[in-house]
Amino acid sequence: GEGHLVVGLSQQDLMEKDTVLVLDEHDNLKGSASKKDSHVFSEGQPRGVLHRAFSVCLFDKSDGRLLLQQRAASKITFPNVWTN
């Protein structure tokens, strides 16, 4: 597939450029939105726009530990939040 050239783009640029799949409450595809628009929290949209996301869980087979990471303080969405 075709790769994305991100050299020189800011986080803000990427948030406006990248898109997510927008869903209804039954997981039906409604369309798409920019990452930026999908993470706007307002009175009419207190949790942002419902969209597909994914997580990766990485376990150490030897002892069952789960790797967690803390998002950078400089991130636009959810800075300093611990994630999997």
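# Welcome to this predicted model

Thr77 touches Met15, His39 and Arg71, leaving aside residues up to four places away in sequence; contact here means heavy atoms within 4.5 Å. This is a predicted model, in which local features need pLDDT of at least 70 and side-chain atom pairs count only at pLDDT 80 or more, while totals for chains, interfaces and linings use all residues. Residues are numbered from 1 along each chain as its sequence is written, and side-chain values use heavy atoms, with hydrogens and water left out.

- Thr77 sits in the loop between β3 and β4; helices (H or I, at least four residues) and strands (E, at least two) are DSSP runs numbered from the N terminus.
- Is Thr77 buried or exposed? Thr77 is buried, at a relative accessible area of 16% (buried means under 20%, exposed over 50%, and partly exposed in between, with a 1.4 Å probe and protein chains only).
- Phe78 is also placed in the loop between β3 and β4.
- Phe78 has a relative accessible area of 43% and is partly exposed.
- The phi of Phe78 is positive, at about 55 degrees, although Phe78 is not a glycine.
- Most residues other than glycine have a negative phi.

**The aromatic pair**

- How many aromatic pairs are there? The count comes to one, where rings of Phe, Tyr and Trp (its six-membered ring) pair if their centres lie within 6.5 Å, and planes under 30 degrees apart count as stacked, over 60 as edge-to-face and the rest as tilted.
- The pair is made by Phe41 and Phe78: their ring centres are 6.4 Å apart and their planes stand at 65 degrees, so the arrangement is edge-to-face.
- Phe41 belongs to the loop between α2 (35–38) and β3 (69–70), and Phe78 to the loop between β3 and β4 (82–83), so the pair ties together parts that are 37 residues apart in sequence.
- Phe41 is partly exposed, its relative accessible area being 47%.

- Strands β1 (residues 19–23) and β2 (residues 29–34) run antiparallel and are joined by five bridges; two strands pair if DSSP finds at least two bridges between them.
- Val20 stands opposite Ala33 in β2.
- β1 and β2 form a hairpin, and five residues lie between them.
- Where does Asp27 lie? Asp27 is found in the loop between β1 and β2.
- Asp27 in this turn has a positive phi of about 70 degrees, and Asp27 is a residue other than glycine.

**Salt bridges**

- The structure holds five salt bridges (each is a side-chain nitrogen of Lys or Arg within 4 Å of a carboxyl oxygen of Asp or Glu).
- One of them joins the side chains of Lys36 and Glu16, at 3.3 Å from N to O.
- Lys36 is in helix α2 and Glu16 in helix α1 (residues 11–17), so this pair ties together parts that are 20 residues apart in sequence.
- Lys36 is partly exposed at 34% relative accessibility, and Glu16 is partly exposed with a relative accessible area of 43%.
- The side chain of Asp27, from the hairpin turn, meets that of Arg52 in a salt bridge of 3.2 Å, N to O.
- Arg52 lies in the loop between α2 and β3 and Asp27 in the loop between β1 and β2, so the pair ties together parts that are 25 residues apart in sequence.
- Arg52 counts as partly exposed at 41% relative accessibility, and Asp27 counts as partly exposed at 44%.
- Asp63 forms a salt bridge with Arg65, and their closest N and O atoms are 2.9 Å apart.
- Asp63 is partly exposed, with a relative accessible area of 46%, whereas Arg65 counts as exposed at 55% relative accessibility.
- Which residues are linked in a network of salt bridges? Asp60, Asp63 and Arg65 are linked in this way.

**A nonpolar patch on the surface**

- Phe59, Leu66, Leu68 and Trp82 form a nonpolar patch on the surface, and together they have about 460 Å² of accessible area.
- Patches are made of residues with over 30% relative accessible area and no salt bridge, like charges being joined within 9 Å and nonpolar side chains (Val, Leu, Ile, Met, Phe, Trp, Tyr) within 5 Å.
- Accessible areas come from the Shrake-Rupley method with a 1.4 Å probe, and for residues only the protein chains shown count as cover.
- Trp82, one of the patch residues, is found in strand β4.
- Trp82 counts as exposed, at 57% relative accessibility.
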